[in-house]
Amino acid sequence: MTSVIEIDHLSTRFGEHWVHRDLNLEIQAGEVMALVGGSGSGKTTLLRQMIGLLQPSKGQIRLFGEPLFTGNAEQERNLRRRFGMLFQYGALYSAFTVFQNIAFPLRELGVVDEDLIHDLVMLKLSMVELLPRHAWLMPSELSGGMIKRVALARALSMEPELLLLDEPTAGLDPDRSESFVKLIRSLHRQLGLTVVLVTHDLDTLAGLATRVAVLAEQRILALGTIDDIMQVDHPFIRNFFCCDRAQRALQSRASEGVA
Amino acid sequence: MSGASLALDTDAEGRRWLRLSGTWRLMALAPQFEALAGELDRQAAQPGIGWDLQGIESLDSVGAMLLWRVWQRRYPEILQLPDRLEPVFERLYAAGKTPEAGPEAPRPYEWVATVGRLAIGLWRHVSDFVALIGQLVLDIAHLARVPGEIPWRETSANLYKSGVRAMPVTALVGFLIGIVLSYLSALQLKNFGADIFIVNILGMGIIRELGPVLVAVLVAGRSGSALTAQLGVMRVTEEIDALATMGVSRSLRLIFPKVAALAVAMPLLVLWTSAIALMGGMVSAQFQLDISYGYFIDTLPKVVPVANLYIASLKGVAFGMLVALVACHFGLRVRPNTESLSSNTTASVVSSITVVILVDALFAIATRSIGMPI
Ligand SMILES: Nc1ncnc2c1ncn2[C@@H]1O[C@H](COP(=O)(O)OP(=O)(O)OP(=O)(O)O)[C@@H](O)[C@H]1O
Ligand SMILES: [Mg+2]
């Protein structure tokens with residue numbers, strides 16, 4: 001197994017405030033790593049660092065085995081084409097229609113056949129359960145959940161090897177989150193995608209994650225399968241996993257039999 | 001990662017098979033897309049050809065879509081599809097089932113509609129602008145009755161931002177313009193031996209015309225664009241809606257302070273800039289024509305009637321209010337996307353400069369018999 005992301009003794013500081021201190025994490029190809037942690041614990045920050053949007057104060061990150069921030073523009077461009085990111089607030093291009101948003105990465109990669117682009121965009125829309133007529137709306141005309149789904153469609157349209165999802169199911173109704181989980185799971189199985197996801201939603205976590213990393217106290221507090229994590233005795237983990245709703249979600253997972 | 005490849009062979013029963021193998025994914029396909037599509041099309045045209053997809057290592061939806069289109073959106077008759085790839089095609093099949101409505105096709109006589117839309121757009125601009133002024137008048141009436149609600153803090157903040165902070169740049173520009181104007185006039189006046197009229201020219205020109213217009217243009221570019229962008233972003237981020245839900249009147253809290261601040265700041269800036277421009281002119285006149293500072297300062301009030309100062313201040317008030325109103329008008333029209341933000345900011349600056357110059361012409365007509373030297 002090769003590791004897709006290696007985080008090595010990473011520290012992050014905003015002003016006087018340390019968000020991460022000496023954090024280590026390794027994500028293997030083909031796994032679905034869920035990152036959980038309290039609000040403000042630095043999950044989004046960590047995702048941004050993984051893909052080179054933010055330089056850590058200390059430490060190093062290797063993506064697909066290559067170090068970030070080497071200053072080699074060509075290498076960075078190639079790296080950036082291998083992953084897709086779903087931002088917490090969508091980050092759709094507000095001046096483009098939904099269609100253009102999803103087509104954008106394809107055009108960037110040099111697909112010129114307009115018919116093919118059209119078919120692919122429609123496919124991506126149907127994968128995230130949007131209707132073809134939604135393609136002509138502007139981002140400001142979408143509901144919160146629709147923005148999430150368009151953003152996912154855009155992240156998928158690059159056919160990335162690595163998918164980073166920042167709270168993908170926040171703002172979706174339960175039905176949609178379930179089909180989202182199904183979609184990611186089937187993509188993961190077919191394409192061998194590596195997925196890193198941040199979530200507060202236990203159903204999503206239970207349905208998708210092959211490993212869980214708990215981010216607390218400025219470091220990775222615990223790492224392992226859900227069952228491993230639940231053995232760890234720590235106030236945050238107890239609260240996160242061990243109340244009623246958690247038990248319900250995990251039971252339904254057991255009955256479904258996650259692959 | 002190996003690229004996508006295909007090979008032809010014939011099996012024992014004499015059937016011809018097209019065997020696909022390798023990685024059929026966007027990154028691998030992108031460089032050889034056209035060639036591959038052409039080749040597949042050619043093969044698909046042959047009757048009775050079999051498709052063997054068992055050698056494909058991984059297939060994403062771009063690769064699948066490529067094949068699906070070659071197959072004309074249905075499974076070919078003879079196909080060997082491994083189970084693991086089936087769901088990929090199932091998604092394509094499902095996507096094809098939802099009926100599609102493209103963007104509206106252009107209708108005949110579209111230009112009639114375009115002209116109509118333009119006219120309506122223009123009408124909206126005018127009516128919105130009038131409504132904005134009306135709302136401002138209502139606000140002023142309201143504040144006159146309830147002086148406790150005057151937004152002093154916002155007004156003073158705006159006064160500082162668009163007035164005090166504009167002083168260095170207006171002074172610099174004014175000084176340079178004064179020098180240039182004085183220099184060019186001096187060259188001509190020397191020919192006629194009319195040196196001492198430099199005071200008249202600079203005095204009337206700068207105080208009555210140039211000062212107000214120059215400041216208005218600078219402020220439109222500096223504060224007008226900033227006001228539009230600020231209001232525009234507040235609309236994009238729904239801050240204006242948030243204010244409204246807290247029962248804060250947007251016109252009272254956002255627009256009135258800006259208009260009031262510029263109405264106060266602008267005449268002061270006009271006086272300040274004109275004074276500095278005259279100083280520039282004075283320096284240049286001393287160099288070029290040997291006109292002493294004392295003479296210049298002494299003569300100025302005699303050749304420029306004081307009414308001109310009043311006209312200049314009045315222009316300042318009018319231009320300031322116009323720049324602020326135009327900026328707010330365009331700021332409130334911003335729709336929540338970046339394109340609209342940038343086009344409205346541009347439109348705001350261009351329109352306010354145009355409006356200022358138009359109104360300046362009106363002033364010139366209305367005040368043609370006032371303040372002229374005898
Ligand atoms: N650009 C920034 N400048 C200063 N501080 C920042 C910046 N970005 C994030 N922070 C701080 O870093 C901490 C972690 O933020 P982050 O967005 O990573 O949290 P999070 O774990 O994603 O939380 P949530 O679950 O609420 O999204 C917060 O305390 C935040 O205030
Ligand atoms: Mg976050």
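Q: Which residues does Ser61(B) touch, not counting residues up to four places away in sequence?

A: Contact here means heavy atoms within 4.5 Å. By that rule Ser61(B) touches Leu120(A), Leu123(A), Lys124(A) and Glu159(A), once residues up to four places away in sequence are set aside. This is a predicted model, in which local features need pLDDT of at least 70, side-chain atom pairs count only at pLDDT 80 or more, and totals for chains, interfaces and linings use all residues. Residues are numbered from 1 along each chain as its sequence is written, chains are lettered from A and ligands numbered from 1 in the order in which they are written, and side-chain values use heavy atoms, with hydrogens and water left out.

Q: Where is Ser61(B) found, and is Ser61(B) buried or exposed?

A: Helices (H or I, at least four residues) and strands (E, at least two) are DSSP runs, numbered from the N terminus, and Ser61(B) is found in helix 3 (residues 61-70) of chain B. Buried means under 20% relative accessible area, exposed over 50%, and partly exposed in between, with a 1.4 Å probe and protein chains only. Ser61(B) counts as buried because its relative accessibility is 6%.

Q: How do helix 4 of chain A and helix 4 of chain B cross?

A: Axes are lines fitted to C-alpha atoms, for helices over the stretch in contact, and angles run from 0 to 180 degrees between N-to-C directions. The axes of helix 4 of chain A and helix 4 (residues 86-97) of chain B come within 9 Å, crossing at roughly 95°. Angles under 35 degrees count as roughly parallel, over 145 as roughly antiparallel, 65 to 115 as roughly perpendicular and the rest as oblique, and these two helices are therefore roughly perpendicular to each other. On the side of chain A, the contact is made by Met122(A), Leu123(A), Ser126(A) and Met127(A), and on the side of chain B by Arg91(B), Leu92(B) and Ala95(B).

Q: Which residues have the most contacts inside the largest nonpolar core?

A: In soluble globular proteins, nonpolar side chains tend to be buried together. A nonpolar core is a set of buried Ala, Val, Leu, Ile, Met, Phe, Trp, Tyr and Cys residues joined through side-chain atoms within 4.5 Å. The largest one in this structure has 87 residues, and those with the most contacts inside it are Leu205(A), Val212(A), Trp24(B), Trp51(B), Leu53(B) and Phe89(B). Helix 4 (residues 114-127) of chain A gives the most to this core, with eight residues. A second, separate core of 40 residues includes Leu227(B), Val248(B), Phe256(B) and Val326(B).

Q: What are the protein donors of the magnesium ion (ligand 2)?

A: Donors are N, O and S atoms within 2.8 Å of the metal (3.2 Å for Na, K and Ca), and water is not among the atoms, so sites may look incomplete. For this ion they are Thr44(A) (OG1) and Gln88(A) (OE1), lying 1.9 to 2.4 Å from it. Thr44(A) is in helix 1 (residues 43-50) of chain A, and Gln88(A), 44 residues apart from it, is in the loop between strand 6 (83-86) and helix 3 (98-108) of that chain.

Q: Where is His9(A) found, and what is its phi?

A: Most residues other than glycine have a negative phi. His9(A), in strand 1 (residues 3-14) of chain A, has a positive phi of about 45° although it is not a glycine.
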